[in-house]
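Please take a first look at the sequence and structure below. A short report comes after them.

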Amino acid sequence: MTKMMTAASMLAMLLGAGPALAQAKVMNLAFTPPADSHYGDAARAFAETIAERSDGAFEIALRPAGALGGERDVIEGLQIGTVELTISSTGPIGNFVPEVYALDFPFLFDDYASAHAVLDGEIGQELLASFQPHGIVGLAWAENGFRHITNSVRPIREPADLAGLKLRTMENEVHIAAFRAAGAAPTPMSWTEVLTSLQQGTIDGQENPIPIVTANNMWEIQDNITLTGHVYSPAVVAMSAIHWDGLTEEQQGWFVEAAQAAAAASRQTVAANEESGIALMRENGMEVIDGIDKAAFAAAVQPAYDEFADRYAPELIARIRAAQD
């Protein structure tokens, strides 16, 4: 028996599946957070839905913790067909699907309800459709969360406190420009390198949603977190167009349904983690800085808007803002 048992295999054993399981088509679902995370919950919901809908014809092998590489590596794998499925933050996706950069501007979304309404509505569906010409099929918008800043140099209470801090950002030029405008020294890198870089002091801090901070016990290597909520970071459930095109229309419907189940699971976990995560971080010794002047931080990153808004779908950004009025 292999060390790794997929969700479909476990379900089939419980149900007493017969020899037909041996003919199941195995597809990898890659993501960078650990299995015990909101991404892991989403991936398990995806795998269970596919196992049920396909009656065991498809097995989804979960590949957590960057087992198949960082997010950019995995997206490239989707394009060439070496990876079948992923749950990814949008951070690196703009490098492949430029329209997605519209979601990455700081302080664009008011709150979770507004973000969900936009992504589940017409705008979100248009953005998912924009993936396909790039060899990727966007199946559903899942959750990552509002991003916050951690570091071990000093508490960040105002934009001036960012000065000179070496902060890891995603490989996303809008994020890089925003932190540079605010005075930090942004350092783009794959998530697979971040924890080691923090431990070695190569970088001072990073920015991520609370569920990523808690799933990685970041209090062991970071002293402070400032609840800036500077960017709403969705996740996308995506599939290689090469493998999508090999499915029947009925099977494609199963995969869309599974992605929607994954999205719902991720949002549920993020909501629960947001509620409990602040207390958990404090219990483990992190200083949590809340109640900052978000308008001051928004003003500090305004040059990123000035630099990139006209380049990346300004009409779409305007529609996102209008949808929240």
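The report covers a pocket, a helix pair and a salt bridge.

## Basis

This is a predicted model, in which local features need pLDDT of at least 70, side-chain atom pairs count only at pLDDT 80 or more, and totals for chains, interfaces and linings use all residues. Residues are numbered from 1 along each chain as its sequence is written, and side-chain values use heavy atoms, with hydrogens and water left out.

## Helix 5 and helix 13

Helix 5 spans residues 122-129, and helix 13 spans residues 314-323. Helices here are DSSP runs (H or I, at least four residues), numbered from the N terminus. The two pack at about 150°, with axes 10 Å apart. Axes are lines fitted to C-alpha atoms over the stretch in contact, and angles run from 0 to 180 degrees between N-to-C directions. Helix 5 is therefore roughly antiparallel to helix 13 (angles over 145 degrees).

E122, I123, E126 and L127 in helix 5 meet L316, R319 and I320 in helix 13 (heavy atoms within 4.5 Å).

The whole structure has nine salt bridges (a side-chain nitrogen of Lys or Arg within 4 Å of a carboxyl oxygen of Asp or Glu). One joins the side chains of D41 and R44, at 2.8 Å from N to O. Both residues lie in helix 2, three residues apart, about one turn of the helix.

## The second largest pocket

D41 also lines the second largest pocket. Other lining residues include H38, P211, T214, N273 and L280. Helix 10 gives the largest share of the lining, five residues.

Terms used: 1 Å grid on protein atoms, 1.4 Å probe; cavity = no way out; pocket = protein on both sides within 12 Å on 5 of 7 lines; lining within 4 Å. Parallel < 35°, antiparallel > 145°, perpendicular 65-115°, else oblique.
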